[in-house]
Amino acid sequence: MLKFIVRRVFWTIPVLLVVIFLTFMMMRQVKGSPFRHTERAVPAAVKANLERKFNLDKPWYMQYAYYVKGVFTLDLGPSLVLRGRDVNDIIKTHFPKSAELGLYAFLFAILLGVPLGVVAALRHNTWVDYSAMFFSNVFHAVPSFLIATLLIYFVALKAGWVPTSGWTSWEYKILPSIALGFGPMALFARLVRGTMLETLQQDYVRTARAKGLRYRRVVGLHVLRNSLIPVITAAGPLLGYIITGSFVIELIFNIPGIGGYYVTAVSARDYSVVMGLTVLLSGLVIFANLVVDILYGVLDPRTRDVRT
Amino acid sequence: MALLEVNDLRTHFFTREGVVRAVDGISFSVEKGKTLGIVGESGCGKSVTALSIMGLIPQPPAKIVSGEVLFEGQDLTTLSEHKLEDVRGREIAMIFQDPMTSLNPTLTIGTQITETIRRHYDVPQKQANKKAIELLEEVRIPRASERLKDYPHRFSGGMRQRVMIAIALSCDPKLLIADEPTTALDVTVQASVLDLLDDLRSEHDMAMIIITHDMGVVAEATDDIAVMYAGQIVEQASTLDLFDHPEHPYTEALLGALPQLEGEDIRHRRLTAIPGRPPDLIDPPAACRFAPRCRYAGGDSCTEQMPELREIRKGHWVRSAHPASERAGDRAAAEAPA
Amino acid sequence: MVANPSDIREEGLAVEPGAAPASGAPIRQSNLWKDAWRRYLRNRAAVIAGAFFLLIILYCLLAPILSPWDPDAVKYPIAKQDPSLSHFFGTDKYGRDLFTRTALGGRVSILIGFGATVAILAIGVLYGAISGFVGGRLDNGLMRFLDALYGLPYLPFAIITLAIIGTTNMWTMMIALSIASWFTTARIVRGQVISLKENDYVRAAKAVGARWYRILFRHLLPNTLGVLIIAIFLELPAVILGEAFLSFIGLGISPPDPSWGAMAQEGRSTYRTHPIEIVVPSVAIASLVMCANFIADGLRDALDPRSRKS
C-alpha cells in the first residue's frame, strides 16, 4: 500500500511539469507586452533592465527552468504590472476567500446531493425518485449566474434576509455558497443515484440480505460504501466545475477571490500572475486526483493489488 | 412434520410486456436432514423458487401471488421483513451460483463471516473471529487464521465458494439452499465442493436443497429429486427411482443428455439434445407446457389441457399424459435408432 | 475482376455490418439503426426533449425573420416592458424586443456550440483513435497524459487562448472552448476502439492480412459513430454553458451579435428593476442544455444498449 502511494505521489511530478510547460508555452504566445501599458514610453535601457529582472532575456528553456524551480520552491515570482507585489502575495490575499467559498459550496453539494441520490435510488421509480431527478436535471442545466441572480433578487432584495454582495461576515457567505453549490449538488445526486442503483443489483447485496443482516446494515455498509467509492472519482472534475463556477459567482457577489482577479490579470497582461494562478488551479485539480486515487486504493482493495 | 413444506407456490413477475409466471404452482417438502435436488433448464423457475422461500425475490417486479412456504409450520410468506431477517442466515442459509460476485469486494472475508455470526448471536468480536477461523478450517481453507484479513479478490473461485459455504454454516442453519453451487466453478473443483457440501450436511445434520441444471450433480448428493419445467414441477421421486425409471418424457430427455462414462454403449450412444426451447411464460397456453417439444404428444388431451401432477406409483409423481410406464409398447419403437 | 486474391478472402470474412459492400450487409446495418431509433422512441423524456430541441432551433431560425421588431432598434419609450402580446418576452433597457433578440442570440450560441463540439470531436477522435489503435507504450503514455489533464478547469485555458489570439469572434470562441475540453471524448473513442479491436471480425481481418488503414477506417472508426453521436450531445451543453460563462464575465463576443451569455451579462445591470432581461436568455440556455442532456441519455440507451441499466 505504501509503495502504491509513493509511486502515485511521484507520478504527479511529471504531470505537474507537463501542465506548467503547457501553461508556460501558451503564455509565451500571448501578444502584447505588459510594459506598454505604463503611461510613459519605456526607454530601451529600462526595458532591457526589466527584461533582465524577469529573466525575459534568457532563452525559453531557461525561463521554463527558472519557473519550474520557482513553483517547486513555492515562489511564483513578482507581478509584472503591480510594482512591489509578487504572485505569492496576490495568492495569499485572494486565494483564501475562493477556497472558503469553494469549500462551503462543496459541503452544501455533498450534504444535500448525496442524501438526495440515496433516497432517489432507494425509492426507485416512485414520485420521490422522479422529483429528485427532475430537480437535479434542472439544476444541472441552469447556469449558475441565473441561480445567483434569482437568489439575490428574492432572498436579498425582496426578503432582505441577507446582504446582496461582499464577503465579510457569515451572512454574506450564505448566498454565494449556495449559488455555487447547486450545480455540483445536482451532479452528486445523479451520480450517487446511478451507482446506488447499480450496487443494489449486485450479487453480494443479495448475499448480505440472505445472511439475515438488518436493512440498515445492508444499505449502510454494503450498498452505500460500495456506491460512494466510484463517486469519489468525480472529485477532480467536480473541483474543476467549482473553480469554473467561482469565476462567475465571485463576479456577481463582488467577492475578491481568485476568479475575479484572474480576469483582471488577463486584461492587464500580467503574465506572471495569470501563469501563477493557472498553475495553482491546475495544481489543485492534480492534487485532488492524487488524493482520489489514494483514497480509492484505501477503500477498494482490488485496485491496490492491481497497481502495486 | 416436514422441515420445509412448500404448497402451491406461485411467484409472478409483473413486467411491461406482461405477467411472467416464473413459478406457477409448485409444491414439495424437505424432511429434516434430507437433501432435495431441484433440476431444470435455466429459466425454468428453480432459482426464483429458492429466492421465494428466502423472501429475496426482487419486489417489484416479482411478487408471490399465492401459496405458502411452511418452515417448521410457520408460513414465511406472511412474516414481516423484520422477522424474516431473523430466519435468514440463522434457520435457512443460502449459497449462490457465482462466488466471484457473491462476496462484497470491499470487506474482508473475516468481516463477512463474523457479521453474520454477530447478527444472530450476541457474542463479542473476538469469539466471532475464533468461530470464523474454525469455519474456514471446516471448509478446508488452508492457513485459515491468516486468510481472515484477506479480501475476496485474493481467493480463487472454488475458495470463494468455500467461504460462501462457511458463511452459510456460521449459524448452524437447519436448511441450506445451494443455488447452482458448482456451475461457475472449474470442472476439477466442482466435485470437491460437492463432496464438501455433502460431508458438512451430514455433520451438521442439516437439510439441503440443491438447485442445478446438471443431472450429474444431483445424482450422488440427493435423496429426492424434483424436475422443474416452465415454472412447474413435472416429475418428483426418490433419486434412485427417478434415475432408474424416469417417467416424464422431459426427464428422459434430460437423462439422455447426460454423458455416460461407463458401460459398453458409451461408444455408439450419442448425447441427445432436446429440440426446441422452453415456452414463453407470459400467458402460456392451457396445454401441457412440454407438449411442443414432446415426442409423444399430439392428437390427444395434452395439447388442450394441462395434465395433473399424479402419483403414478408410491412416491413417484409425474405431470404427463405419456409417462414411460404407460407407454411400454411404444418405448422400444422410440428407442430404436431412427 | 479482383486484383488481389487476399481481398476476396477478406471480403468474405468481414461479417461486421456495413463494412463489406456485399449485398446483405447494408440491410443489416439499416436494421441496426432502425433498432436504435425504436429504442430511442421508447424513451419518452428523450423524445420530448428532442422535439423541444428542434423547436428551439426553429425558433432561432424563424423568429428574427417573422418578427415585426427590429432587434437592434433602440426605442426608449418602450424600454423595460414586461412580457405582453406584442413582446412575448418583454423588452430590454433599450426598448429592444427580447423575443427577437433571444432568437438571434440563440443562433450565435448554438452555432458556437456545434462548432466547438465538432472541433472537440475531431481532436478527441484523432487522439483517441491513435492511442487505442496503436496501443502499447504509446497508448500508455497518451493515456497517462490524459489522466493528468482529467478534470482540469477549461475556463482559465479558454481565457488564455482568447488572449493569445487577441480577437474574440465566433471562430476564436470555438477554438477557445475546445482547447481544454476534448479529454473525455478522446477517452471514450479510445475505449471504443480498443473494445472493437478485440472483436473477432477485426481479428479475422487481421488474420487474413488486411492492412492497418483498412482495419482502422473500415472496421474500427465506422463503429465508433454511435458513441460519437452520443458525445455530440454530451459536449454540446458543456460548450454552451462555457460560452455563456465566458461572455458573462465579459470575455465573450462583443455586441452587436449577442450570444445568450452576452445578453445575460447585459441584463445583469438591471436585474434589480427588470429581472426578466437576465432571466430570458438564462432560461433559454437552461432549456437547451436540459434538452441536450435528455437526448444524450436517450441516445445512450438507444445506441449503446450494453451500458443500459435495468
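Biologist: Where is the place of C:F245?
Modeller: This is a predicted model, in which local features need pLDDT of at least 70 and side-chain atom pairs count only at pLDDT 80 or more, whereas totals for chains, interfaces and linings use all residues. Residues are numbered from 1 along each chain as its sequence is written, and chains are lettered from A and ligands numbered from 1 in the order in which they are written. Helices (H or I, at least four residues) and strands (E, at least two) are DSSP runs numbered from the N terminus, and on that numbering C:F245 is in chain C, in helix α11.

Biologist: Is C:F245 buried or exposed?
Modeller: A residue is buried if 20 or more other C-beta atoms, placed from the backbone, lie within 10 Å of its own, exposed if 12 or fewer do, and partly exposed in between. C:F245 has 25 other C-beta atoms within 10 Å, so it counts as buried.

Biologist: Which residues of chain A does C:F245 touch?
Modeller: Two residues are in contact if their C-beta atoms, placed from the backbone, lie within 7 Å. Not counting residues up to four places away in sequence, C:F245 touches C:L155 and C:G261 in chain C and, in chain A, A:T244, A:F247 and A:V248.

Biologist: Which element gives the largest share of the side of chain C that touches chain A?
Modeller: This contact takes 35 residues from chain C and 41 residues from chain A. The elements of chain C that give two or more residues to it are α5 (136-149), α6 (154-165), α11 (225-248) and α13 (276-303). The largest share, eight residues, comes from α13(C).

Biologist: How many residues of the side of chain A that touches chain B are charged?
Modeller: The contact between these chains takes 20 residues from chain A and 23 residues from chain B, and the largest share of chain A's side, seven residues, comes from α8(A). Asp, Glu, Lys and Arg count as charged, Ala, Val, Leu, Ile, Met, Phe, Trp, Tyr, Cys and Pro as nonpolar, and the others, Gly among them, as polar. On that scheme chain A's side has six nonpolar residues and five polar ones, while the number of charged residues is nine.

Biologist: Which chains share the most contacts?
Modeller: Chain B and chain C do not touch, their nearest C-alpha atoms being 12 Å apart. Of the two pairs of chains in contact, the most contacts are shared by chains A and C.

Biologist: Which strands stand at the edges of the open sheet of four strands in chain B?
Modeller: Two strands pair if DSSP finds at least two bridges between them, and this sheet has the order β2-β1-β4-β5 with antiparallel pairing. Because each edge strand has a single partner, one side of each is left without a neighbour in the sheet, and these strands of chain B are β2 (18-30) and β5 (74-75).

Biologist: Is B:E180 buried or exposed?
Modeller: B:E180 is in the loop of chain B between β7 (175-179) and α7 (187-204), and it has a positive phi of about 50° although it is not a glycine. Most residues other than glycine have a negative phi. With 21 C-beta neighbours inside 10 Å, B:E180 counts as buried.
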